[in-house]
Amino acid sequence: MKKIVQGLMMVGGIMTLAGAAFYITGWFLSPYIYIIGAGLFAIAQINTPYQGTNKIIKRLRLQQILGALMLIMSGIFMFTTHGNEWIACLCIAAVLELYTSFRIPQEEAKE
């Protein structure tokens, strides 16, 4: 099961990156690639629960899930808006994901 989740995260991340990069070129399929990749990434994030009792790690996991949901929301913005609103949402999601990816291992090492 763990390898499936890691595979989903890897494929989702690559599809999300490719969809965002191809959106700049104006390719009409890029929002679909992006939102499918963001969905796979969010599924992988949600299906890796934390079983411990550390409140800091639980809060960081919630922030990580919020970042994954904001990735999906930026994909929705690709479809519904014609400006750069999706980029703002993507930047916030990327900051949340980056912050939690560094902080969770730090807190796990303290335990």
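Helices here are DSSP runs of H or I, at least four residues long, numbered from the N terminus. That gives us our labels. One caution before the tour: this is a predicted model.

Start with H1. The helix covers residues 2–25, 24 residues in total. From first C-alpha to last, H1 reaches 35 Å, close to the 34 Å expected at 1.5 Å a residue. What comes after H1? Gly-26 follows, and its phi is positive, near 90 degrees.

Which residues of H1 are buried? Val-5, Gly-12, Thr-16, Gly-19 and Ala-20. They pack against three helices: H2 (30–46), H3 (55–80) and H4 (85–110). On spacing, a general point: an α-helix has 3.6 residues a turn, so residues three or four places apart point the same way.

Now H2. This helix has 17 residues and reaches 24 Å from its first C-alpha to its last. Buried residues in H2 include Pro-31, Tyr-34, Gly-37, Ala-38, Phe-41 and Gln-45. H1, H3 and H4 are among what covers the buried residues of H2.

Next, the packing of H1 on H2. The angle is about 150 degrees, and the axes lie 7 Å apart. Angles over 145 degrees count as roughly antiparallel, so H1 is roughly antiparallel to H2. The crossing is left-handed. H1 brings residues including Val-5, Leu-8, Met-9, Gly-12, Thr-16, Gly-19 and Tyr-23 to the contact. From H2 come Ser-30, Ile-33, Tyr-34, Gly-37, Leu-40, Phe-41 and Ala-44, among others. What is the make-up by class? The contact of H1 with H2 has 17 nonpolar, seven polar and no charged residues.

On to H2 against H3. Here the angle is about 165 degrees, with axes 9 Å apart. That makes H2 roughly antiparallel to H3. This crossing is left-handed. On the H2 side, the contact includes Tyr-32, Ile-35, Ala-38, Gly-39, Ala-42 and Ile-46. On the H3 side, it includes Arg-61, Ile-65, Ala-68, Leu-71, Ile-72, Gly-75 and Phe-79. How do the residues of this contact divide? Into 15 nonpolar, five polar and one charged.

Last, look at H2 from both sides. Tyr-34, Ala-38, Phe-41 and Gln-45 are listed in the contact with H1. Tyr-34, Ala-38, Phe-41 and Gln-45 are also listed in the contact with H3. These four are buried.

Notes. Residues are numbered from 1 along each chain as its sequence is written. This is a predicted model: local features need pLDDT of at least 70, side-chain atom pairs count only at pLDDT 80 or more; totals for chains, interfaces and linings use all residues. Side-chain values use heavy atoms; hydrogens and water are left out. Helices (H or I, at least four residues) and strands (E, at least two) are DSSP runs, numbered from the N terminus. The expected span of a helix is 1.5 Å times one less than its number of residues. Buried means under 20% relative accessible area, exposed over 50%, partly exposed in between (1.4 Å probe, protein chains only). Contact means heavy atoms within 4.5 Å. Axes are lines fitted to C-alpha atoms, for helices over the stretch in contact, and angles run from 0 to 180 degrees between N-to-C directions. Angles under 35 degrees count as roughly parallel, over 145 as roughly antiparallel, 65 to 115 as roughly perpendicular and the rest as oblique. A crossing is left-handed if the near helix is turned anticlockwise from the far one by less than a right angle, and right-handed if clockwise. Ala, Val, Leu, Ile, Met, Phe, Trp, Tyr, Cys and Pro count as nonpolar, Asp, Glu, Lys and Arg as charged, and the others, Gly among them, as polar.
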